Amino acid sequence: MNMDFILRGKGRDVVTIDEARSLQEAANLMDSHGIGALLVCDSHERPVGVLSERDVIREIALNGAASLIRPATSAILPAFLTAAPEDLIETVMVRMTERRVRHLPVMDAGQLVGIISIGDLVKAKIATAEAETEALRKYIRD
């Protein structure tokens, strides 16, 4: 199972924020959408990083409430990972675990096609295991 399969099931919508917007605006956007991360994009709508709730908290802990007026880019890590539609779940899970990230933009030929979370991957793995178990039970019964 690959990222494209997961995106077909969960959808390809991605909530983004312009890199010049404030951390406060980013936090409000995450809250209003009930999500834990946003994709931060430059003025050409190219992804420059993923901003997570954890990033917002770290920025406030390090710089106080004044950090809320700083640009969203002040809280993102300078390098971020992406996945490709053909990447397999197992490969992406290892990458996310090693780098301790919970969200990955999925890019195809330089274009954003979706975002996946570690929760999306776990859900897909569980669904696969349940389907295999049911198929084995049916095989044994029949």
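This is a predicted model: local features need pLDDT of at least 70, side-chain atom pairs count only at pLDDT 80 or more; totals for chains, interfaces and linings use all residues.

Mentor: Let's take a sheet and then a helix.
Mentor: Residues are numbered from 1 along each chain as its sequence is written.

Trainee: What order do the strands of the open sheet have?
Mentor: E1-E2-E3, three strands with mixed pairing. Strands here are DSSP runs of E, at least two residues, and helices are runs of H or I, at least four, numbered from the N terminus. Two strands pair if DSSP finds at least two bridges between them.

Trainee: Which are the edge strands?
Mentor: E1 (16–18) and E3 (47–52), as each pairs on one side only.

Trainee: And how many bridges join E2 and E3?
Mentor: Five, in the antiparallel sense, with E2 covering residues 37–41. Cys41 stands opposite Pro47 in E3.

Trainee: New topic: which residues of H4 are buried?
Mentor: In H4 (residues 89–99), Ile89, Val92 and Met96 are buried, meaning under 20% relative accessible area, with exposed over 50% and partly exposed in between (1.4 Å probe, protein chains only).

Trainee: Why do they line one face?
Mentor: Seen down the axis of H4, the buried residues fall within an arc of 70°, so they line one face of the helix. That arc is taken from the directions from the helix axis to the C-beta atoms.

Trainee: What's on the face turned away?
Mentor: The exposed residues Thr97 and Glu98.

Trainee: And just after H4?
Mentor: Arg100 takes a positive phi of about 55° there.

Notes: Side-chain values use heavy atoms; hydrogens and water are left out.
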